[in-house]
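Please find below a note for a colleague who is meeting this structure for the first time. It is arranged as numbered points, each of which can be checked against the coordinates.

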Amino acid sequence: MEKKIQAIRGMHDLLPEDTYRWQIVEQCIRTVVSCFGYQEIRMPIVEYTDLFQRSIGEVTDIVEKEMYTFQDRNGDKLSLRPEGTASCVRAAIENGLLHNQTQRLWYQGPMFRHERPQKGRYRQFYQVGVEAYGMPGPDIDIELIQLTNDLWKKLEINELKLHLNTLGNLNERAKYKEELIKYLKKFKEKLDEDSIRRLDSNPLRILDSKNPETQNLIEDAPSMLSFLGKDSRAHFNFICNELESLNISYLVDTHLVRGLDYYSHTVFEWKTDLLGSQGTICAGGRYDGLVSQLGGQDVPAIGFALGMERLVSVIDKIGKRIENLKFDAYFILVGDEAKKRSFKISQELRDKVPGIRLITHCGDNSFKSQFKRADKSGAKLALIMGEDELKNGEISIKNLREEAEQISIKIENLVDFFIEYKKNKEGEESNEFVS
Ligand code: HAM
């Protein structure tokens, strides 16, 4: 037998039961972002490798060891996108979206990183990203945090904690880096291998080292907060004060530095304890220098991305069951004549009953096996058309979910029956989240 071909490690199929749950969450996200005035942008999945090297940074895990990079048939060096911010900036510059105007954009789709797969960490994963351009003040920082907070409220998730930090501006960060290197060099022999390698190239990343001994050293390291100038401090204080007045609780986490190089000033992550080591659901911050670094004007920017797999896992963990799609009816057909008549009847129902979810049986199965399939499909009603029904110009309707007597109605009354039926179900169907 031929060897079976399997999915690539760290890349998963999303089966119908899950896609439906994802769609509900995605719909909720779409509603929230559009209520805040954000518009969707769709970028290619493949870009020139150079784009990611220049934006995410040469000395980052992503660029050093996680990108899926290849040469295409022209010899161009391309990469599957490991994240969306770089592509979004590239697209916004290229399409002239940033000339003396503000932009509120969002995107969704798969990202690719060759990481070590584990629960909550995949090689193909899905992000929803939100990016805002042209707004230098802290008001937009608050807006994005409010937006995420609204989303958690809408999804009825209370288990996320906001971690907040500031990385200051370029000069402030440069001074801070110098002091941090000086401090860490004193303990060089105690640092782990990765941290030693980063000491000169990317010392800030040492702050979020997972190595316990390095973590101990970092406890007493100088803090970025004491290197902030007047403006940067005011920016950060404004955010903290407004979050307090909005009752959005947060934790100032001076070790929060993010794994991508383009950040400045505000950085934030929404984390949960429910998912073990992969507890960051949503993360982002300001990246004021990136647009000009990639050849655009000097346009301030801020954004975040959330991981869909992790978000759906949190919803599962807290026991929020997202009701699966309910079909209204399964059309059981006995005999050739019934099959022929069913095409027109089904068409009429789909044309005249808005939103009807109807499965019409296909295949030559017995009544019994069709009935079993109707039950398994989750449909609420079985519509039955056999010889007797055809003779009387009727359809029998059996409720598959509740105790009720089977009824028969005239075929010409079927549309009215379902219009009434859908009207009565309206309230039930809008309530998609069930505790
Ligand atoms: P990031 O922190 O690399 O930021 O990723 C954002 C989120 O994507 C993470 O918090 C996590 O939920 C999810 N994620 C990342 N890697 C994986 C993975 N291997 N498997 C599953 N989920 C994952 C960015 O990507 C930035 N572009 C965010 C941003 C937008 N900053 C400004 N604008």
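The points below go from the whole chain to single elements and residues.

1. Basis of the note. This is a predicted model, in which local features need pLDDT of at least 70 and side-chain atom pairs count only at pLDDT 80 or more, while totals for chains, interfaces and linings use all residues. Residues are numbered from 1 along each chain as its sequence is written, and side-chain values use heavy atoms, with hydrogens and water left out.

2. Overall form. The chain has 15 helices and 18 strands, where helices (H or I, at least four residues) and strands (E, at least two) are DSSP runs numbered from the N terminus. Its radius of gyration is 28 Å, well over the 22 Å that the globule rule gives for 435 residues, so the chain is more spread out than a compact globule; the radius is taken over C-alpha atoms, and the rule is 2.2 Å times the number of residues to the power 0.38. Taken along the principal axes, the box filled by the C-alpha atoms is roughly 90 × 60 × 45 Å.

3. Contact means heavy atoms within 4.5 Å, and among contacts between residues at least 6 apart in sequence, 71% join residues at least 24 apart.

4. Strands β15 (residues 381-385) and β16 (residues 394-399) run antiparallel and are joined by four bridges, with Ser396 of β16 as the bridge partner of Ile384.

5. Strand β9 and its partners. Why can β9 be called largely enclosed by the rest of the structure? Seven of its eight residues are buried, and therefore the description applies. Strand β7 (residues 161-166) pairs with β9 in the antiparallel sense over six bridges, and Thr166 stands opposite Thr266 in β9. Six bridges also join β9 to strand β10 (residues 280-286), and these two run antiparallel; in β10, Ala283 is the bridge partner of Glu269.

6. Charged residues around β9. Glu269 meets Arg258 in a salt bridge between their side chains (2.9 Å, N to O), a salt bridge being a side-chain nitrogen of Lys or Arg within 4 Å of a carboxyl oxygen of Asp or Glu. Arg258 is in the loop between β8 and β9, while Glu269 is in strand β9, 11 residues apart, and both residues are buried. Asp253, found in the loop between β8 (250-252) and β9 (264-271), is buried yet has no salt bridge, as the nearest side chain of opposite charge, Lys271, is 5.0 Å away. For such charges, Lys and Arg count as positive and Asp and Glu as negative, whereas His and the chain ends are not counted. Not counting residues up to four places away in sequence, Asp253 touches His163, Leu164 and Asn165.

7. Asp61 counts as partly exposed at 22% relative accessibility, whereas Arg198 counts as buried at 8%. The side chains of Arg197 and Glu64 also meet in a salt bridge (3.1 Å, N to O), with Arg197 in helix α7 and Glu64 in helix α3, 133 residues apart. Arg197 is partly exposed, with a relative accessible area of 40%, and Glu64 counts as partly exposed at 37%.

Conventions:
Buried < 20%, exposed > 50% of the residue type's maximum accessible area, 1.4 Å probe, protein only. Pairing = 2+ DSSP bridges.
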